[in-house]
Amino acid sequence: MHDHDEQPHNLDSMRSKLQGKDGAQYWRSLEELAGTDEFQRFVDDEFPHRATLLELDRRQFLTLMGSSLALAGLTGCRILPQDKIVPYVKAPEEVIAGKPLTYATAISLGGYAHGVLVESHEGRPTKIEGNPGHPASLGATNAFMQAAMHTLYDPDRARAITNVAVASTWDDFLAATSKALEGQTASKGAGIRLLTETVTSPTLAAQIREFLTKYPNAEWHQYDTSSADNVKAGARLALGSPVNVVYKFDKAARVLSLDSDFLMTMPGSVRYARDFTNGRRVRKGTREINRLYAIESMPTLTGALADHRLPAKSSDIEAIAYSIAQGLGIDVGSSAPTTKLAPPWIAAAVKDLNAHPGESLVVPGEQQPPSVHALCHAINEKLGAVGKTVVYTEPVEAEAVEHVASLNDLLADIHAGHVQALFILGGSNPAFTAPADFAFADTLRRVRFKVYHGIYADETAALCDWHVPDTHFLEAWSDARAFDGTASIVQPLIEPLYVSKSAHEVMAALNDKPLPGYDILRESWKALGGAGDFDTWWRKTLYQGFVDGSAAKEVQATIQGSLASRLPQPVSAGSGLEINFRLDPTLGDGRWANNAWLQELPKPVTKLVWDNAAIMSPATATELKLCPADRPDQATGSMVELSLGNRKLKMPVYILPGHAANSVTVHVGYGRTKTGLVGADHGFNPYPLRTSAAPWFSGGLKVSPTGEKYDLLSTHYHNSIEMLDRELARVRTIEDFIKNPKLTEPDEEENPPEYDTLFREPDTYRDWEGAKWGMSIDLQTCIGCNACVVACQAENNIPTVGKDQVSRGREMHWIRIDRYFKGKDLENPQVVFQPVPCMHCERAPCEPVCPVAATTHSHEGLNQMVYNRCVGTRYCSNNCPYKVRRFNFLNYANHHDVNELGQEAAPLKLLNNPNVTVRSRGVMEKCSYCVQRINAARIEAKKDRRNIKDGEVVTACEQACPTQAIIFGDIADANSRVSKAKRQDHDYTLLADLNTRPRTTYMAKIRNPNPEISTE
Amino acid sequence: MQNHGAEKFIGGKQTFESITTKIESVVIDQRKKHPLEWYVVFGIAFGLLQVLMLAVTYLIVRGTGIWGINIPVGWGFAIINFVWWIGIGHAGTLISAILLLMRQQWRNSINRFAEAMTLFAVMCAGIFPLIHTGRPWVAYWLMPIGPNILGMWPQFRSPLVWDVFAVTTYITVSALFWFVGLIPDFGTMRDRAKPKWLKYLFGTLAMGWRGSNQHWFRYESAYLILAGLSTPLVLSVHTIVSFDFAISIVPGWHTTIFPPYFVAGAIYAGFAMVLLLAIPIRAWYGLKDLITMKHIDWMAKFMLGTGMVVFYGYLTEAFYGYYSGNKYEMFMIHNRMTGPYAPLYWSLIVCNGLTPQILWSQRMRHSIPVVFAVSVIVSIGMWLERFIIVVTSLHRDFMPSAWGMYTPTIWDWATFLGTIGLFTFLMFLFVRFVPMINIFEMKDLLHKQEGHAISGRKEHVVVEAASAHE
């Protein structure tokens, strides 16, 4: 509007002005510098660019007024704080900002590899998924594999090499080490000991052997609480060598578990769960499914899945194994113990196993003594299982020793004064986990030079002179073997966050070959036989995540001679109280104690969080007079003193229906004293009761009430939940299913008819012609393992809230696994698991009650939460009959410097999935059907101008599920997997009579009881 | 309502002069010594008000997590208190509007008082829906501020939005009604005030009131219109509040009986509160001649009547719970009676159902301690009723796996007691700074009682004369 004639600037005169200037040499513009009259006028005039009103004609005036009015509204627009995003100046190869990359690697659990694929956003790993090609994973994960990501960013990890708790350096450590080793050269290392966990890593084993070659008198010991000592001893006893036992559950029609939780605790459990449930899937026309018998003390996931479950004390199992062997005509000698426990039950089970030769299998638990394992080998041989449902391979461990004995030898040497330098590698934390009678901590003090290599500054680190922080598996190169021997290269995704060294780097330093981890691995695998062109082989192996054809060789092993003569004298069961030690289902031997995801993860059967307890049956609690006879639930939370000999421990009681009578189970792993802020001071430490003689169970327990109460937290209100008269998780038998595949019974309400409504509105999500998302959850194959819960937490940035907040009923999990007890027998009820995410109701009760439309429906049928619209009235949650909505009562996300758990929030922020909003305080959240994954798939599909294909969108829970119990997809596509699942006759809707029309439906659990055993 | 009844509504030997003096002197003569009780109660109330400020500040800093609410019990004390306070307000509106339309002149001595109570109770109530939201700073999104400013409307299907309309309408109409009713009395105060600033103050509030015929005519029309507007509010506000529950699908909430049952309960609680306030104040300020035993007797009868409606509601709820045959409803009723909150349920039955039955006896209705005690019990009972409705319905609904318990925290109590402090604080200020009894309506009543009654408008001439006489 203003005609402003630009004068060409005279640069020379400007420069000269600038030279001659005194005072502050700031200038606003070139015009000012030029000192033009024009500029002076410009400065003097307050509104230089306005046209005077007199210059305007009527039209211009109206135009101005109109536009001013229109623009006035814009002043309401807020200017949001601006952050700068800087693009890569030099883009790393393959990285496209905003597009995650996935790398194959492997995680070791108890020393055994599980192949995983890890998602990385601009170099920041955020999510772990199973590797579909890896035999131990088949694409699935368990809760630990998911939660390992949290450990990577755990702010409480050790961050520096320390010498007697004072920060030091790698060089100082090397200097101190070489000094310590120098003194040993003369004695060829007689004073040197290595203590590792289970080692399956070929490279680490080679490095250790190299070290032992250099110091031939040095010794290598192994200790890991989770080590399957009894399995090795049993194999040695029966077959003459510690073969590795691999089960082929896919070929088993009848399985008997003798105190074994093969779905959860074995190195191959993720794979086993898939194989086993594949034999149980029920679809239209299914007439046969496999059958599982479980005899166990503590109710486990395996017991919950079993068609017949028999509670028995751990010490009774041996006698049961004997009688089963006898029942099959195996010679077990004349002094074999007999059991009085349910003879018809056992006889019927044996008959059933025997009727399926080559298709039946008996699985002994790792806690059972070697004799039980030996007997089971004999039984399996008799059943024709060997080579079919169970195969023996060469040991996977580099050195298959029995760990308790190995640790015992080490301590004996220390006591004898033979040990001058001890290197503890790998975070097994023996000061916390070693059997109580070893007095490990006291003994350790006698060693002059002690080095601990672990990821946390834990109880053992505190006792050692040097602590060298270990790397997380995503930070360093390594390798490991899976349960069947398949080797994987563990490739890192990120530089170590803190000063830390991998075990390989530490060993390389001890061997005086200080190479980077990458070189160590490559050198090692060049020797181990990277076939053909090594680089090609290396790339391909890294890409696929495992080494082709590296599975351990099958070996033929048979019972050597007369087993009866070799079986040790059975320990009589005794009639007193028995204590069982088990690894905690979420904390393991205690190593996961500082992982907030696992602390807040409800234990599979008890649903306890942030604590452990002395678990016992209602009958035992009544007998111990911990509660009135008619109210066993009142015993939960009572403090008792457990005494085993002169060892004592105070612990709260948890009453669990189905637990074996006269038996108490305690989980080790809690009661940590030296770990991060999350792990310390939660729960009770049963290790002091656990001796090398009886590491897994022991008689002679005394329980005396102390009269105190303790707040045990279970996410299930009261400990025993029945469904009342509500058939929420439906269970039928296969017989019923064959007779009447529809679940409805005469008096049962069917889905209500479509009522005509006064307020008919266009049914947009029904009439929608695009994708209609839906989910099917198969209760038949859900084993209740919690993998989906942690996977969802990792995918959707779900915060942990801490014990106090959980005690107020504010846990945040978007998917929960409900556990119901069924049946009239309090001492042996059936257990049913039911995962409950948001149902995505077509007529969602949450939507009409939201006053601000913060929860709405998408055309594709998603019930959406608009976080930044939510004001937090919580009415939606009140009105949700499934109670799947979660509210941020406080600021749970890592927004501030310190989070709700007191941890430094900065590293944990790196954990977040950048595609999912981090919710602030005061807003509601819930399962979104992983809408970010749907949208990612949609973008890909749109680029190719096609529809989203079935299986292209996989929700986090579906992807993690070891048993493929969760199926997600488009129900508008009649051929999609989810549509096929929903067409099953035993598909049903949760709370159908409310007419909410959920998009998530369930398939009933179909049990396969033996008609010869009465169930009630 | 004719003379034979009216004679008991003003006690002693009263003249227009004495009535005016009795009421206005409390306000005009601020140097007059106030009863010690006023200072004590006011002091406590002021203290509680500070507690409220502290509790709300901490709430805004930390979040609603400082309360005992959780999943499944998403609503706790905040909503209980909201409904309780809103209910208390209803008696005021009923007394001033419905009884006016029904020409129940006995209301004249308590209506001002009851209206103030309404206003303050609604203020207390209004705090809760605001602060109970997770993000109170955006709670204004519930207002229909419209797409021009907020980009979208609220979601009109939600009863919480209806609530916003109901409560804002209610407080607006109540405030107007109260103020319009005060105008003639402000005129009197202006005329009687001695200090100049007080004259100006009351003069401003009197809005030029001179007591002319025209003024009286307009006043009467305006007051009647406002009474007409208020009358449906007595029914609608608590009906809509009850929709907050009834619209849902939660067993124990999803009930068609809620609107009438809530309205009756509101009036019930309101009368209890009027009595709770009137009984001490009439004693402290020597107003026993104006708020007579007859008033107390009648209000007690009102309590008895509405209490019976409420009790009938409880019985019906229980009966239909079982009669429905719906397993969730049956369980809900069973759980209320035998579950973890059963002691509270049975206390509720005792407080609201059985206790008022004592008021059948005239002797009891005439005993001030008994009526006061019953009022306290009913107030507690009505609070318990809301607790039972909100908490016991939510804590065990459809899926046993998601059941929980609700335990209030110290901050829940602080906020609740704080609003009681706010309410008492405001009420006591009102007593000192505003004529607490309607002066001109009392004169009108006196006029009728003294037997000079002539029907129709001419009364006002007399009253006006009386007013002018000052």
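This is a predicted model: local features need pLDDT of at least 70, side-chain atom pairs count only at pLDDT 80 or more; totals for chains, interfaces and linings use all residues.
Residues are numbered from 1 along each chain as its sequence is written, while chains are lettered from A and ligands numbered from 1 in the order in which they are written.

Back to α12(A): its buried residues are Ile346(A), Ala349(A), Val350(A) and Leu353(A). They cover an arc of only 100° around the axis, so they end up on the same side of α12(A); the arc is taken from the directions from the helix axis to the C-beta atoms. Buried here means 20 or more other C-beta atoms within 10 Å of a residue's own, with C-beta atoms placed from the backbone. What these residues pack against is β9 (254–258), β10 (291–296), α11 (317–327) and β12 (360–364) of chain A, a contact being two such C-beta atoms within 7 Å.

Chain A as a whole has 33 helices and 37 strands, and buried residues make up 54% of its 1016 residues. One open sheet in chain A has seven strands in the order β5-β4-β16-β15-β14-β6-β7, with mixed pairing; two strands pair if DSSP finds at least two bridges between them. At the edges are β5 (166–167) and β7 (219–222) of chain A, each pairing on one side only. Strand β4 (162–163) of chain A runs antiparallel to β5(A), joined by two bridges, and Asn163(A) has Val166(A) as its bridge partner in β5(A).

Over in chain B, Leu100(B) is found in helix α4 (residues 77–101). Leu100(B) counts as buried because it has 23 C-beta neighbours inside 10 Å. Leaving aside residues up to four places away in sequence, Leu100(B) touches Arg107(B) and Ala227(B). The C-alpha atoms of Leu100(B) and Ala227(B) are separated by 7.3 Å, though the two residues are 127 apart along the chain.

As for the contact between the chains, 42 residues come from chain B and 43 from chain A.

Technical notes
A residue is buried if 20 or more other C-beta atoms lie within 10 Å of its own, exposed if 12 or fewer, and partly exposed in between; C-beta atoms are placed from the backbone. Helices (H or I, at least four residues) and strands (E, at least two) are DSSP runs, numbered from the N terminus.
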